[in-house]
Amino acid sequence: LYTKERLAHLKQAMKLKEEGLRSAQRRFKRGLVTRTDVTEFEIYGSRLAEEIETLQHESELNLIRFRAVLGLS
């Protein structure tokens with residue numbers, strides 16, 4: 001359950017990051033922010049994607065372990 005909730009929060013954070021990235025890109029095109037500001041959103045998105053992927057993999061491994069312990073196929 002913890003992993004599922006964590007995944008839900010990370011996916012929500014990813015959606016918010018996408019909104020922020022689009023906004024930063026618009027501001028960059030207008031000359032209001034530097035390329036660094038846009039890059040920070042991109043790096044943060046990469047870290048979020050990596051963490052989501054790691055948690056999904058961890059969740060699958062836990063499911064396999066639980067099935068083995070419980071003797072389920």
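Analyst: Let me begin with a term: helices (H or I, at least four residues) and strands (E, at least two) are DSSP runs, numbered from the N terminus. This is a predicted model, in which local features need pLDDT of at least 70 and side-chain atom pairs count only at pLDDT 80 or more, while totals for chains, interfaces and linings use all residues. Residues are numbered from 1 along each chain as its sequence is written, and side-chain values use heavy atoms, with hydrogens and water left out.

User: What follows α2?

Analyst: After α2 comes G71, whose phi is positive, near 75°.

User: And how far apart are the end C-alpha atoms of α2?

Analyst: They are 53 Å apart, which agrees with the 52 Å that its 36 residues should span at 1.5 Å a residue; the expected span is 1.5 Å times one less than the number of residues.

User: Which residues of α2 are buried?

Analyst: The buried residues of α2 are V38, G45, L48, I52 and L55, where buried means under 20% relative accessible area, exposed over 50% and partly exposed in between (1.4 Å probe, protein chains only). What covers them includes α1.

User: Let's pick G45, then; what does G45 touch?

Analyst: Leaving out residues up to four places away in sequence, G45 touches M14 and K17, a contact being heavy atoms within 4.5 Å. G45 counts as buried because its relative accessible area is 7%. The C-alpha atoms of G45 and Q25, which are 20 residues apart along the chain, are separated by 14 Å.

User: Changing topic, which residues line the largest pocket?

Analyst: The lining consists of L1, T3, K4, S59, N62, L63 and F66, and about 180 Å³ of space lies in this pocket. On a 1 Å grid over the protein atoms alone, a pocket is an open set of points where a 1.4 Å probe fits, with protein on both sides within 12 Å along at least five of seven lines, and lining residues have an atom within 4 Å of a point. Grid points are joined across faces, edges and corners, and the volume is the space filled by probe spheres set on the points.

User: Which helix gives the largest share of that lining?

Analyst: That is α2, with four residues, although α1 (2-29) and α2 (35-70) each supply at least two.
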